[in-house]
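The following exercises concern a structure that is to be read from its sequence and its coordinates. Please work through each task before consulting its solution.

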Number of protein chains: 2
Amino acid sequence: MTAPTKPPADSLAAVGEKGLLRLLTGRWKNDPAQVPVGVGDDCAVLRGQGKEHFLIFKTDAVVEGVHFTPQAPPALSGRKALARALSDLAAMGARPLAAVITLGVPADASVRRLRAIYRGLETLANKYRVPLVGGETTRAAQLFLNVALLGECRGYRPLLRSGARAGDSIFVTGRLGATQKRHHLIFEPRLAEGEWLARRKLATALMDLSDGLGADLPRLAEASRLGFQIEPKAIPRKRGATVEAACNDGEDYELLFTVSPAQTKTLKKKWPFATPLHCIGVMRLRGRVSSKPPFAHGFDHFKQR
Amino acid sequence: MTAPTKPPADSLAAVGEKGLLRLLTGRWKNDPAQVPVGVGDDCAVLRGQGKEHFLIFKTDAVVEGVHFTPQAPPALSGRKALARALSDLAAMGARPLAAVITLGVPADASVRRLRAIYRGLETLANKYRVPLVGGETTRAAQLFLNVALLGECRGYRPLLRSGARAGDSIFVTGRLGATQKRHHLIFEPRLAEGEWLARRKLATALMDLSDGLGADLPRLAEASRLGFQIEPKAIPRKRGATVEAACNDGEDYELLFTVSPAQTKTLKKKWPFATPLHCIGVMRLRGRVSSKPPFAHGFDHFKQR
């Protein structure tokens with residue numbers, strides 16, 4: 001729909017989505033006393049009032065033709081817009097406080113369809129008790145929905161990608177691989193699981209899987225300046241998914257986290273959720289083992305389409 | 001670019017931009033103890049910690065071909081994205097705490113141009129000391145930038161559209177009318193002026209002028225359940241702008257506010273800014289005077305293009 005046969009020399013195809021983000025935001029510097037975490041984790045972290053109060057801030061957009069097809073049920077398209085952003089809040093262990101929505105909409109759009117999109121979004125907001133507090137609309141050639149979320153960690157610290165230590169076990173929730181075509185529209189953000197891990201200080205690092213284990217685990221390792229060793233057979237897969245698919249399909253929206261050796265037993269014993277929990281490997285010092293996963297690179301919007 | 005010759009019966013052209021927003025967000029209800037102001041003002045207001053602490057939350061997008069042309073200087077297009085959202089924060093009297101940016105970008109976009117867009121945004125962020133704390137990019141057919149802003153009012157209350165009382169004087173900052181083609185790209189958000197009005201409790205109601213006085217003043221009056229009376233000759237105009245233009249061009253990004261009779265002298269005497277300040281009329285009880293302004297309806301994205 002958008003890719004010409006020959007993009008300009010300085011085009012996105014060359015740098016990729018994460019490369020572009022680094023190019024655009026790499027210079028952003030903040031006072032760590034005010035902004036403990038800026039660009040580079042699942043969400044930004046601002047210091048709140050008092051020692052263990054943090055505000056968590058996130059923006060994310062879904063675009064028709066990219067994140068959902070025009071034929072997708074409108075309610076599920078709206079649902080996905082909020083669910084993705086909530087998954088990023090879950091990836092810090094935060095509790096949502098409020099959401100504001102921007103709708104970009106073609107002038108010939110059907111109002112009935114837009115209402116259905118918003119109903120899907122509202123249903124999910126009600127389920128996870130996310131106050132919808134503001135909205136804007138603008139004309140656009142292509143329908144998009146931007147969700148900005150404010151969350152908080154009150155009485156505990158958010159979990160970052162950078163907290164893993166060598167020897168920590170690597171866990172994932174749920175099962176990976178996109179065997180169910182609608183999973184990306186109907187997944188449940190792991191908010192309760194993320195908050196539980198952060199409140200109990202049971203994980204050392206946490207993120208959500210959006211681009212696939214094969215792309216996301218190297219990011220967690222990079223942020224923690226570590227390598228990792230994976231037992232491919234231990235990766236929990238959806239029925240019918242190969243290990244390759246489980247690593248590269250993307251859009252799992254499960255949690256990926258690391259746990260210190262002293263805590264793994266407690267974690268397994270106390271885990272109060274129906275959500276499956278699997279240990280898939282261990283964090284290693286860099287260079288001790290290959291950090292190259294036995295799988296490809298996950299999903300990149302700009303490179304792969 | 002987007003309007004077909006005959007839109008569907010339930011199309012946006014019929015309901016307009018504000019009508020659509022009402023249709024989509026009209027059911028959103030929040031606990032006023034947590035969310036004193038939801039949809040319907042310039043920003044949402046969340047209760048912070050303590051009695052006079054409020055968090056102010058805003059989302060806004062600019063779209064290429066709608067809010068700026070592809071030929072506009074890229075740095076000014078990026079600047080506008082942030083400036084518009086800051087103007088909304090100014091319209092509550094809030095101080096910015098942090099911004100997160102979503103970029104929607106065609107796969108054939110020039111990385112150099114995107115960097116210039118971000119430099120413009122960063123320059124304005126530095127000027128107004130707005131920490132840029134997070135960003136996302138996504139593929140899109142048309143370039144867009146969504147800015148989500150978190151702000152606060154600490155030690156004072158935000159100013160709403162709904163606080164005007166009959167007999168209050170109506171003031172605007174600056175001069176109105178789009179005689180300068182680039183004004184919408186280079187305007188200064190009235191952050192200091194808005195915060196000053198709110199901290200000193202000198203205004204009873206406040207908003208910013210984005211769609212033109214002719215569209216925006218009726219909104220303030222509606223929110224305050226009042227009518228108004230304007231002295232057209234008193235409307236401060238840019239050089240060469242007619243009264244009509246000053247009321248309907250839109251994109252002034254000046255402040256519109258009301259002041260109780262007891263405070264107008266103090267306001268004029270204490271106003272510490274170089275920004276012009278003009279009294280243009282008075283708020284009246286509904287029905288006492290026509291609330292119809294002597295001018296048209298301002299700007300609507302969906303209706304007017």
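**Exercise 1.** Determine which residue takes a positive phi in the hairpin of S1(A) and S2(A).

Solution. The hairpin of S1(A) and S2(A) has 5 residues between the strands, and A:Gly50 takes a positive phi near 85° there. Strands are DSSP runs (E, at least two residues), and helices are runs of H or I of at least four residues, numbered from the N terminus. S1 (residues 44-47) and S2 (residues 53-63) of chain A run antiparallel and are joined by 4 bridges; strands pair if DSSP finds at least two bridges between them. A:Val45 has A:Ile56 in S2(A) as its bridge partner.

The model is predicted: local features need pLDDT of at least 70 and side-chain atom pairs pLDDT 80 or more, while totals for chains, interfaces and linings use all residues. Residues are numbered from 1 along each chain as its sequence is written, and chains are lettered from A and ligands numbered from 1 in the order written.

**Exercise 2.** State at what angle H2 (residues 74-90) and H3 (residues 111-127) of chain A pack.

Solution. The angle is about 45°, with the axes 6 Å apart; axes are lines fitted to C-alpha atoms, for helices over the stretch in contact, and angles run from 0 to 180 degrees between N-to-C directions. That makes H2(A) oblique to H3(A) (under 35 degrees is roughly parallel, over 145 roughly antiparallel, 65 to 115 roughly perpendicular, the rest oblique).

**Exercise 3.** Identify the residue of chain A that comes closest to the rotation axis.

Solution. A rotation of 180° with 0.0 Å of shift superposes chain A on chain B, with RMSD 0.0 Å (least squares on C-alpha atoms of residues with pLDDT of at least 70 in both). The two copies are thus related as by a two-fold rotation axis. A:Ala148 comes closest to the axis, at 3.1 Å (C-alpha).
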